[in-house]
Amino acid sequence: MLRPGKGWRWSGVALFFGLALGAYGAAQAAAPEFQVTPDAVEVGSFFEGAQVELQGAIPPGATAVVEVLGSTASEALLRKGRRGGLWMSVGEIRVHNAPSLYLVLSSSPQIPELTGQETPWGIAALQRKVKFGGRIEPGEQAKFFREFLELKKHEKVYGILPGGLKVSPAQGGKSAIRGIIPLPAKVPVGKYQVKLSVIQDGRLLSSQEKVLEVKLVSFPAMLRDLAQQQGALYGVLAVIIAIATGFLMGFLFKGKTGH
Amino acid sequence: MWNLYLPVAGTSLNIVLLFGLGGAVGFLSGLFGVGGGFLMTPLLLMVGIPSTVAAASDSNQIVAASTSGTYAHWRMGNVDFKMGFLLLIGGVLGGTLGVQIIKVLRAMGNADFVIKITYVLMLGIVGIYMFLESLQALRKKGVMEAKRMEPGQPSIYVRLIQALPWQMRFEKSGVTFSVLLPLILGILVGILAAIMGVGGGFIMVPVMVYMLRMPMHVVVGTSLFQILFTCINVTVMQSITNHNVDLVLAVILLVGSTLGAQIGAKLSRRLHADQLKILLASIVLLVMVQILVSLILTPAQLLAYKGGH
């Protein structure tokens, strides 16, 4: 038999969990909801890049920004310059902390900025993050950041897409957002962070992240593994295929000239 | 649907475009006895293949094209195996030496300058010399043909090579000289090829024609035979050390290039030797001009990926 005191205590616990659950539910409602479909992109024998669809809901009147970020790494690039009046590589510039892929989409015609604080997305944010080393003078950082950006944009692995998200009214007084994340054919294999931020009146309301994976499957996966892990076998195999095809073609043509 | 994914290059390309590229370069390879690396690698870079993968996969592709070409020329009796082996040994020695030279230059910090200048100068000298010589020969064909049959007046070069020990008869090429000559020339071409990062066919062919005095048709077959071995070595080495041979890319290219090489080899039989030389000279000069222009014009981008030249 329960004593009254103990009963009170139990209801207190229940009340606490009830409040906690309620608070959790409220937090969920405040965080923007979104999905990326598919959440895993498979690269098979025929691949021309992929269009990943993004759908979500944001409060009415708010602006949405979506960032797609690849893992960061360091890479060495060649710097061109003049030697004896001729253009050629004059040294190496090392780029640190640059994401392998960087796409920004927004529901507004311009990528929105936060007021009173640094905007954590967009070109300026990227420029703060990316560091250069090697053959570069202190005054050249900005110039080579622009060059770096151009190189990556040219390959379509970096892209700024204002207006890339379409807004339409949805049920429950919310706005629905829809957009296409254009993954180029050159998209590196790996896990990508998709981050949705909601902004109102220059203030960040909330943000949420999802993971988008790009992976090699079937034949390309097998071939790349072989190339990476069994270099000698792969090389010999490549030579055998080449010689066999060369001879085969020779035989085919020999047959034809016989006539 | 037509875009095939190249797993090592990490990008996708149109299968018809690759097939066409292979066919065109293979055709030139069968026609002139050059590997075509000096044409294919820049073309692959233009369509977006990373430079290291382009060079490595191209050498794999050349294995097929030169097998096909060597086979076709061998059937026509155009391969001087003895000469080919000697040049090959020299080429391997020279290549090893050239790689060391590049290392020293890199340490000194002006490797790229030397590479570019060597490239332009070699293409320019070879192209202009071959072009002028063939043009002259085409104009007074009869006279030249008769002159070649004669031993000719002994120039310093001829007296020098006759003074070398170990004279040997090369039946297929119809020449007699010291074993040392193809070895030394092979070493020189090997050094230049390693510095430029190419197979060296376009230098080896003029060397065989003008310095070894071999008939053009035997030159083409013998050059292809030698390129075959050089590129087998490069393909295996690249696969082991750098893992950058893209087999999918190479296979599409080589199906095109072996086909092209057969057609090229057939046509090379029909064309006159001087016509062949003048065509090769024109292509070499075109590539030289293209490189020269890229050296003079301000590049669109001041940053580039590493690898290749």
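**View 1. Helices α8 and α9 of chain B pack side by side.** Axes here are lines fitted to C-alpha atoms, for helices over the stretch in contact, and angles run from 0 to 180 degrees between N-to-C directions. That makes α8(B) roughly antiparallel to α9(B) (angles under 35 degrees count as roughly parallel, over 145 as roughly antiparallel, 65 to 115 as roughly perpendicular and the rest as oblique). From α8(B), the residues that make the contact are B:Leu185, B:Val189, B:Leu192 and B:Ala193, and from α9(B) they are B:Ile203, B:Met204, B:Val207 and B:Met211. Contact means that the C-beta atoms of two residues, placed from the backbone, lie within 7 Å. By class, these residues are eight nonpolar, no polar and no charged (Ala, Val, Leu, Ile, Met, Phe, Trp, Tyr, Cys and Pro count as nonpolar, Asp, Glu, Lys and Arg as charged, and the others, Gly among them, as polar).

A word on the model before moving on: it is predicted, so local features need pLDDT of at least 70 and side-chain atom pairs count only at pLDDT 80 or more, while totals for chains, interfaces and linings use all residues. Residues are numbered from 1 along each chain as its sequence is written, and chains are lettered from A and ligands numbered from 1 in the order in which they are written. Helices (H or I, at least four residues) and strands (E, at least two) are DSSP runs, numbered from the N terminus.

**View 2. Helices α1 and α3 of chain B meet at an angle.** α1 (residues 15–32) and α3 (residues 51–75) of chain B pack at about 40 degrees, and their axes are 10 Å apart. That makes α1(B) oblique to α3(B). B:Gly22, B:Gly26, B:Ser29 and B:Gly30 of α1(B) meet B:Gln61, B:Ala65, B:Ser66, B:Gly69 and B:Ala72 of α3(B). This contact has two nonpolar, seven polar and no charged residues.

**View 3. Chain A touches chain B.** Here 48 residues of chain A are in contact with 47 residues of chain B. On the chain A side, two or more residues each come from β5 (72–83), β6 (86–99), α3 (141–154), α4 (218–229) and α5 (231–257). The largest share, 17 residues, comes from α5(A). One residue to look for in α5 of chain A is A:Gly250. A:Gly250 counts as buried because it has 22 C-beta neighbours inside 10 Å (buried means 20 or more other C-beta atoms within 10 Å, exposed 12 or fewer, and partly exposed in between, with C-beta atoms placed from the backbone). Leaving aside neighbours within four places in sequence, A:Gly250 is in contact with B:Ser68, B:Tyr71 and B:Ala72.

View 4. β5(A) and β6(A) pair over eleven bridges, with A:Val95 in β6(A) as the bridge partner of A:Glu75. Three bridges join β5(A) to β5(B), residues 303–305, and A:Leu78 stands opposite B:Ala304.

Terms used:
Pairing = 2+ DSSP bridges.
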